[in-house]
Amino acid sequence: MAAELWEIRDFIAGVTAFEGLPAEALDSLPPRLTVRYLRRGRSFPPGDAGPGLWVVRSGAVVVHDAEGELVDKLGEADLFLDEGGAQGNRRTELIEDSLFYFLPREAFEQLLGAHPSFAWRFEQSRRERLEHALERLAEQRGHADVLMATTVDSLLRRAPVTAGPDSSIREAAERMTDEQVSSLLIVEDGRLVGLVTDRDLRRRCIADGRSTSDPVRSIMTGELVTVAPGALAFEASLLFSRHNIHHLPVVDADGDLVGILSTSDLLRHQGTHAVHLVRDALAAPDLEAIARVGARLPDLQSQLVAMGAEAEPLGEAMVTVTDALTRRLTELAERQLGPAPVPWAWAALGSQGRREQTAHSDQDSALIIDDAFEPDRHGEWFGELARFVTDGLAAAGLEYCPGETMAATPAWRQPLSGWTRTFRDWIEQPEPHSLMLATNFFDMRVVAGRAELLERLWAGVRPLAVNNTIFQRLLVGNALAIHMPLGFFRRLVVVDDERHDERLDIKRYGLLPIADIARVHAVRLGLGELHTVRRLQAAAAAGGLSSEAAAELEDAWRFFYVLRARHQAAQVRRGEAMDNLLDPRVISGLERDHLRDAFRVVDDHQRWMRRHFDISGSR
């Protein structure tokens, strides 16, 4: 192969979509590629090329929609697939002199047919790619020291649930449902012959259109990786990672089935660390002990990330500890101040309210006080309570809210009737500042005190919001204020034509826009759910958005959350201060592709909301 062809081959091998191709396939590509040099200002793709795959070698391509809005920007190693025909309402042009490698459609389709790993990049839906991204993140787990001292048999929770290979798929599914398990061990003549999981039922039966009367052996996995009951949990975790599996049958030396171990069992065992922190928080005798518990939160997050924790359990673990710290601080305050003069409820807002915290978080809170409250008689007591708790949380590592949205601020500790008036004003006379506040306070959740106070508040407030379309439209407009990044160009985060950032604020540009979208749906439908994923699921169930849109947004949120948690866990290991700023240079090309998918999911829904609610104004 000529030197210039080797150079092309090496470049193509470094492009994410081609990374999984075998050497012989990469060797065969350069002679099939056409090298095209196109000048700045020219429309793209050129009309004389025909359909095929364009690989950007150098230069820059921009894509605008019908309104002239920038929707994509391509640079070195990015791909553009021209499937033939018109490009819809999109306008694509070169903004720099550019060099391309062009693979004609026939050669491209041959490559798709011969190499499924390559075809996956182009043939799977955006949602399937995000699901794959989440699975890959879970695979990249470490192993906590505690696993080195724990055996597999000590983690087994129940006797194995089994069925015969000739049982119907329907019978197998019914047994799994009755036993409340996610996997079924298939046994014939007393020996383990296969395994069926929930995923097998979805992908090998429902997705393939297979009849549920077929025998379960037709969808079971027959070649099984097993583990011995006396093996270390650490060894089991290596098997999970090495073989990309989530269930391990446990079989003794005689071949007898003992049980089944799942990745959830390992995570649950490691998660006992969170239980210990909750115990220590609730028993803390003073502020110094509270601070010591809070100081362990980063390590908890790091360990859970190392175990491959998924987004919801990870957030739940962190919030459970924070809630326990908050409750204990209210108890210590009452011990110091004396009994409360009237009933009260301490509410968490923001990410703690939604149960989505990480160890890097500030505090948002409010106090709801019974209407028997008399400012002159009781104001000082509740002021001292609020200051004691917020100061204690700050000592535990939860920074003060920069906007002072905390119960220590007098405006955010009110009697129930005062809160009702405040919400009524926000809903009936909305303006930019009140809309910003409303987004936070619609995430209120009682952590300590009388939960019925907040329930009574919601009973009056939610119907007002459901029936006020003006408030809803303004809330939508507020939710669309954050413009999603287009992706990455020359290793920089591209936000719009003017903005290019070295690092991605994954909270601002990932998690918060989805939380805002979910909150809008919850408010307009009168839903009581607070967690972003559960809000999306409830909105889909209520018909407020399609199930496909909800599922895409859920997967995008989970992907952003786990990436953020993993980034922060790495900072903890390096002894650095935690932040939300992800450097594109430290993530793989595939993860950058997945991030681009996630950005587009959110951007698509923002566009839908803009049209659906007739929100005027350009991005």
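Predicted model: local features only at pLDDT ≥ 70, side-chain atom pairs only at ≥ 80, totals over all residues.
## Arg-328 in helix α13

Helix α13 spans residues 311-337 and contains Arg-328. Arg-328 counts as buried because its relative accessibility is 9%, and the cut-off for burial is under 20%. The side chain of Arg-328 has two backbone oxygens within reach: that of Ala-284 at 2.7 Å, and that of Leu-282, which lies 3.4 Å from a polar atom of the side chain.

Apart from neighbours within four places in sequence, the contacts of Arg-328 are Ala-281, Leu-282, Ala-283, Ala-284, Pro-285, Ile-290 and Arg-335.

## Nonpolar cores

The largest nonpolar core comprises 118 residues, and those with the most contacts inside it are Phe-423, Phe-441, Phe-442, Met-444, Phe-560 and Leu-595. Helix α22 gives the most to this core, namely 13 residues. In soluble globular proteins, nonpolar side chains tend to be buried together.

When neighbours within four places in sequence are left aside, Phe-423 is in contact with Phe-441, Phe-442, Met-444, Leu-457, Trp-458 and Val-461. A second, separate core holds 22 residues, including Phe-11, Val-15, Leu-111 and Phe-118.

The axes of α20 and α22 come within 9 Å and cross at roughly 145°, and the crossing is left-handed. On the α20 side, the contact is made by Lys-507, Tyr-509, Gly-510, Leu-511, Ile-514 and Ile-517; on the α22 side, it is made by Leu-553, Ala-556, Trp-557, Phe-560, Tyr-561 and Arg-564. Phe-560 is also among the residues with the most contacts inside the largest nonpolar core.

Helix α21 (residues 532-541) has Thr-532, Val-533, Arg-535, Leu-536, Ala-538 and Ala-539 buried. The elements covering these buried residues include α13, α14 (350-354), α20 (507-525) and α22 (547-574). Just after α21, Gly-543 adopts a positive phi of about 85°.

## Leu-112 in helix α3

Leu-112 is located in helix α3 (residues 105-114). With a relative accessibility of 14%, Leu-112 counts as buried. Leaving aside neighbours within four places in sequence, Leu-112 is in contact with Phe-118, Ala-119, Phe-122 and Glu-123. Of these, Phe-118 belongs to the second core, and Glu-123 is 11 residues from Leu-112 in sequence, with a C-alpha to C-alpha distance of 8.9 Å.

## Hairpin of β11 and β12

Strands β11 (residues 247-251) and β12 (residues 257-262) run antiparallel and are joined by five bridges. Within this pairing, Leu-248 has Leu-261 of β12 as its bridge partner. Five residues lie between the two strands of the hairpin, where Gly-255 takes a positive phi near 85°.

Notes: Residues numbered from 1 in each chain as written. Heavy atoms only, no water. Helix = DSSP H or I, 4+ residues; strand = E, 2+ residues; numbered from the N terminus. Buried < 20%, exposed > 50% of the residue type's maximum accessible area, 1.4 Å probe, protein only. Polar contact = N/O pair within 3.5 Å; in protein donor to acceptor, adjacent residues only side chain to side chain. Contact = heavy atoms within 4.5 Å. Pairing = 2+ DSSP bridges. Core = buried A, V, L, I, M, F, W, Y, C linked by side-chain atoms within 4.5 Å. Axes fitted to C-alpha atoms, helices over the stretch in contact; angles between N-to-C directions. Left-handed = near helix turned anticlockwise from the far one by under 90°.
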